[in-house]
Amino acid sequence: MARLPSIAFSRLEQPDRRISHQGTVMFLMGQDGELSPGARAFDEDGRIARAIGVSEFAGKLAAGLDVIAPAAGIDRVVVVGCGETANNGESNWMKVGGRIRAAAARAERVTVICDLAGEAELSADAVAAVAAGAKLRAYDFDLYKTKDKKSSKAQKITFAVADPAAARKAWKALDAITDGVITARDLVNEPANVLGPVEFAARAKELEKQGVEVEVLDEKALRKLKMGALLGVNQGSVRPPRLVVMKWNGGKAKDAPVAFVGKGVVFDTGGISIKPAGGMEDMKGDMGGAAAVTGLMQALAGRKAKVNAIGIIGLVENMPDGNAQRPGDIVTSMSGQTIEIINTDAEGRLVLADALWYCQDRFKPKFMINLATLTGAIIVALGHHHAGLFSNNDELAANLLAAGQETGEAVWRMPLGAEYDKLIDSKFADMKNTGGRWGGSITAAQFLQRYVNEVPWAHLDVAGTAMGSPKNEYNQSWGSGFGVRLLDRLVSDKYE
Ligand code: BES
Ligand code: MN
Ligand code: ZN
């Protein structure tokens, strides 16, 4: 795997002391266009200031200005724009970090002088976010490239800050979250021949090293639980299904847990209602919800979050074969409700029906949030920049919207209602698994809601955001890891 940079923090020298650094040196600049005191110490004869003037560099967010050999002993300086520094949240600081890494991808040593001109100060959280952006930018899934590896050299990025101890502390937590994002990206990027349900469960099991309790339920156990909806989806696969339960017990023993449930279809051919060939390879990412839940559990454990959290992932493969389920089949879910299969390609909701029911039944959580690459229709509605949010609870929805704004993992609330629910009533069973052509993301959400009862619940349709979303300053990967930072923030803001 591509080498990620190692991150360190050092003390920012006094501006009146001339410092000599090796490698590339980076300065931060806000929209005021002023060099910081730390930067000015490098610019005794004013060449950097002149370069800024000549190029009309204005410190725009994540813009960069390269100045080659600006002073004796310094090879290269990059001034990195930070935009309106006072208004930058985590996501903007991560963009700054992404630009830093991009500007110096091949440098072995990078020093970032972390101060700003004028009154503005860089908080420890901002510095940590810059570091997170740099590390995530460096992520490159090149496991299966035997040639043309982009990043094999070791790199050390040192952030020179006023208070290294505070920055280190903030980074320790954010680094754990960053590692969770990377796990989620890895899982989404892995091809389905390598990552089947059994292999995915084994990856989840690795979280035990970090103190997560991991239970893996096999096919026999799922049969005993009568998870007919989940099992029906896997029926056409030669590989057995799994349901994984992850528990992080960081809160008080008596506290009800928060719960996260993920759709983990390791590959979605559509089944007998088979998908067209074009682009079908993307369906190796149909476990993006499960990947995010796994990455989130790693993040919570890694930063020792003071919360009790449950992560449940339903792992199956949707294949057509002689034993596959058919349109017209009727299956009985764990809840006892029966489902008429209209389209075997609407399989994610079937997996989640049993996983959600099991989750609330066994754990009585404070709330339950599921993530799923559930519908193409959500991409039609929201494109790749927002995940669809459906919820039976305004407070939970508001908290998710706020966490989305803070982290840049944006969500947009969509409606639920009886008129939509009616569309999935079935002639032959309690419900059918599709609701017709219109409002496809909403009828999918209505289906899920039939398996949640009274518990505060939110469904995130991440079909447009978990994979194939546009690259940005801190994500160049197909699998984005969407949801890990969002939900970690929800937990740290409201439930710790
Ligand atoms: N996994 C797909 C949804 C999807 C589509 C995810 C594109 C990512 C990108 C899901 O299982 C599916 O096939 N949904 C169908 C539902 C339909 C048959 C009611 C869809 O969206 O077309
Ligand atoms: Mn499908
Ligand atoms: Zn699917």
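**Cavity, pocket and ligand**

Tutor: The lining of the largest cavity consists of four nonpolar, six polar and no charged residues. Here Ala, Val, Leu, Ile, Met, Phe, Trp, Tyr, Cys and Pro count as nonpolar, Asp, Glu, Lys and Arg as charged, and the others, Gly among them, as polar. The model is predicted: local features need pLDDT of at least 70, side-chain atom pairs count only at pLDDT 80 or more, and totals for chains, interfaces and linings use all residues. Residues are numbered from 1 along each chain as its sequence is written, chains are lettered from A and ligands numbered from 1 in the order in which they are written, and side-chain values use heavy atoms, with hydrogens and water left out.

Student: About how much space lies in the largest cavity?
Tutor: On a 1 Å grid over the protein atoms alone, a cavity is a set of points where a 1.4 Å probe fits but cannot get out, and a pocket is an open set with protein on both sides within 12 Å along at least five of seven lines; lining residues have an atom within 4 Å of a point. Grid points are joined across faces, edges and corners, and a volume is the space filled by probe spheres set on the points. G232, N318 and T344 are among the residues that line the largest cavity. Its space comes to about 30 Å³.

Student: Which molecule takes up the space of the largest pocket?
Tutor: The largest pocket holds about 760 Å³ of space. Its lining has 36 residues, with K275, L374, T375, G376 and A377 lying nearest its centre. A molecule sits in a pocket if more than half of its atoms lie within 2 Å of its grid points, and the space of the largest pocket is taken by ligand 1.
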